[in-house]
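Q: Could you help me learn to read the strands and cores of a protein model, one feature at a time?

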Amino acid sequence: MKKPIVIVGAGLSGLRAASLLHAQGIECKVLEARARIGGRILSISDSKRQELGHFDLGPTWFWPEYERTIAQLVKELNVKTSLQYNDGAMLSEQFQNKTPERYILPEGSVVSSVRFAGGAQTLVDAIADTIPAGVIDLETQVRKIRLEKDGTITVEADLADETKKEFPASAVILALPPRIVARRIEFTPFLSSNLIADLINKPTWMAGQAKAVAIYDYPFWRESGLSGFATSRIGPLQEIHDASPETGAGALFGFFGIPAKVRQKIGKDDIYKLVVDQLIRLFGSPAQNISAFLYKDWAKDSETAVAEDLAPLRDFPSYGQIQPAGIWKKKIFLPEQRQTHSMGVILKVHFNQLNKQFRRSSI
């Protein structure tokens, strides 16, 4: 019997790979280091005010006209979505101690983005529902991948109880950030120096970023004709958007302009104060009445970022297919990486190659 394909990583890409393989009758196993599925997709609620809803601390939007793979997947899985709220004026904060400027953007100047009702986690959960029970192992940290003399593969992982476990595989799909592959997994035989360099030169989109969500009882800024969209050269948030559910609570989320190393020196408590002060400057005194505050620094997430990711990206990274060669060719697959805005890098597995190797009749 042919050994299963092992997929390392239970983010959007790893789960989609498992779903497609299962649909084609190909046995697989998904190993995830975290205690949850989703990877860089993370939708949570405040533990003390869960009734306020779920909010994204990772990817939030997609643009159907440009990101057709995601759009088709959303349609296929019947995941509920809604348009990003953009009605009203935007604010621009250019100078310290100066009132933010207010602008009405021309109609059509902003391309409508789409959000997931209930958070982007609903897409992850919908994919996971297509995968049989027992396929995904959580808290399973892959440390070593060994190619045996007979051509099979052994994947060694550390478990939550500090024991180790080996998983046999006929091939491995590495659906996780390339730099994590290069820095955290030991290969026997070694990967080529050219491949390692290629992996390290593939920055993880948004890995050095952090995101804050301020939750209110209702979206008060709309009463003043504001969209919730704001930009700032002062910070700490450089870009802010309305993150309110369709009904009920209001929320504003923002991306930080403060570099990762500086954020880590400041600490969460001071980050909170800086964010609240900025929201009051922009949206007035009601912004101090925060019902809940959520914060995630992805640069401190060991399953997302490595040391190289702490340096801010100055431009959109150039991605592409990573091609293992030599003895590892057709044994490990590092799916094609494509930058897709806020949804992050979507990894596309070339299943035509896999189908040739792992036809249903051979399982």
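A: Gladly! Two strands pair if DSSP finds at least two bridges between them. Strands (E, at least two residues) and helices (H or I, at least four) are DSSP runs numbered from the N terminus. Here, Ala230 stands opposite Ile240 in E18. This is a predicted model, where local features need pLDDT of at least 70, side-chain atom pairs count only at pLDDT 80 or more, and totals for chains, interfaces and linings use all residues. Residues are numbered from 1 along each chain as its sequence is written, and side-chain values use heavy atoms, leaving out hydrogens and water.

Q: How many bridges join E17 to E18?

A: Two bridges link E17 (residues 226-232) with E18 (residues 237-242), and these strands run antiparallel. Thr231 has Glu239 in E18 as its bridge partner. Four residues lie between the two strands of this hairpin, and Gly235 takes a positive phi near 85° there.

Q: Which strands run parallel to E17, and which run antiparallel to E18?

A: Strand E7 (residues 89-93) runs parallel to E17, joined by four bridges. In that pair, Glu93 stands opposite Ser232. Strand E19 (residues 250-256) runs antiparallel to E18, with five bridges between them. Asp242 has Leu252 in E19 as its bridge partner.

Q: Is E17 mostly covered or uncovered?

A: In a regular strand, side chains alternate between the two faces of the sheet. Buried means under 20% relative accessible area, exposed over 50%, and partly exposed in between (1.4 Å probe, protein chains only). By that rule, six of the seven residues of E17 are buried, leaving the strand mostly covered.

Q: Which residues touch the most other members of the largest nonpolar core?

A: A nonpolar core is a set of buried Ala, Val, Leu, Ile, Met, Phe, Trp, Tyr and Cys residues joined through side-chain atoms within 4.5 Å. In the largest one, of 32 residues, Ile7, Leu123 and Ile173 touch the most other members. Elements giving two or more residues to this core include strand E1 (5-8), helix H1 (12-23) and helix H3 (121-128). Another core lies apart from it, with 28 residues, among them Val8, Leu176, Ala182 and Ile332.
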